[in-house]
Amino acid sequence: MGAVLNFTPLDPIKALFWSAVNQRRGSGPNHVMIMLMATRRAVMGQFTLTRWLTGLGWLATAVMAIAAIGMFATWGN
């Protein structure tokens, strides 16, 4: 696929930018699902997150959500 893109007029820097934007949009919901699974003993068994790590994980999820909202809020500016 990468070799084929060399023969197109697509700007590789713009492609990297839009790839990062698309990845950013999907990382918030993915992180929520990971946190929900990581805190369930039925899923993780003895490797369930401690309260400290659960708090840090949800804090990171909130920061990611705020960053995504900020990105979309300032998109046209």
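Predicted model: local features only at pLDDT ≥ 70, side-chain atom pairs only at ≥ 80, totals over all residues.

Tutor: What follows takes several labels in turn and sets each value against its definition.

Student: What does the confidence look like for the protein?

Tutor: With pLDDT being the predictor's confidence in each residue, from 0 to 100, the protein averages 88, and 100% of the residues score at least 70.

Student: What span is expected for helix 2, and what span does helix 2 reach?

Tutor: Helices here are DSSP runs (H or I, at least four residues), numbered from the N terminus, and the expected span is 1.5 Å times one less than the number of residues. Helix 2, residues 12–38, has 27 residues and reaches 37 Å from its first C-alpha to its last, close to the expected 39 Å.

Student: Where does helix 2 have a kink?

Tutor: The bend is the angle between axes fitted to the seven residues ending at a position and the seven starting there, and a kink of about 35 degrees lies at Ser27, shortly before the proline Pro29.

Student: Why is Phe17 called partly exposed?

Tutor: Buried means under 20% relative accessible area and exposed over 50%, with partly exposed in between (1.4 Å probe, protein chains only). Phe17 has 45% relative accessibility, so Phe17 counts as partly exposed; Trp18, at 42%, is therefore partly exposed as well.

Student: What makes Phe17 and Trp18 an edge-to-face pair?

Tutor: Rings of Phe, Tyr and Trp (its six-membered ring) pair if their centres lie within 6.5 Å, and planes under 30 degrees apart count as stacked, over 60 as edge-to-face and the rest as tilted. Phe17 and Trp18 are 5.0 Å centre to centre with 80 degrees between the planes, and the pair is edge-to-face. Trp18 and Trp75, at 5.6 Å and 50 degrees, form a tilted pair.

Student: Why is the pair of Trp18 and Trp75 said to tie parts together?

Tutor: Trp18 lies in helix 2 and Trp75 in the segment after helix 4, so the pair ties together parts that are 57 residues apart in sequence.

Student: How do you know that His31 makes a polar contact with Thr61?

Tutor: A polar contact is a pair of N or O atoms within 3.5 Å; within protein, one must be able to donate a hydrogen and the other to accept it, and residues adjacent in sequence count only if both atoms are side-chain atoms. The side chains of His31 and Thr61 make such a contact at 2.9 Å.

Notes:
Residues numbered from 1 in each chain as written. Heavy atoms only, no water. Helix = DSSP H or I, 4+ residues; strand = E, 2+ residues; numbered from the N terminus.
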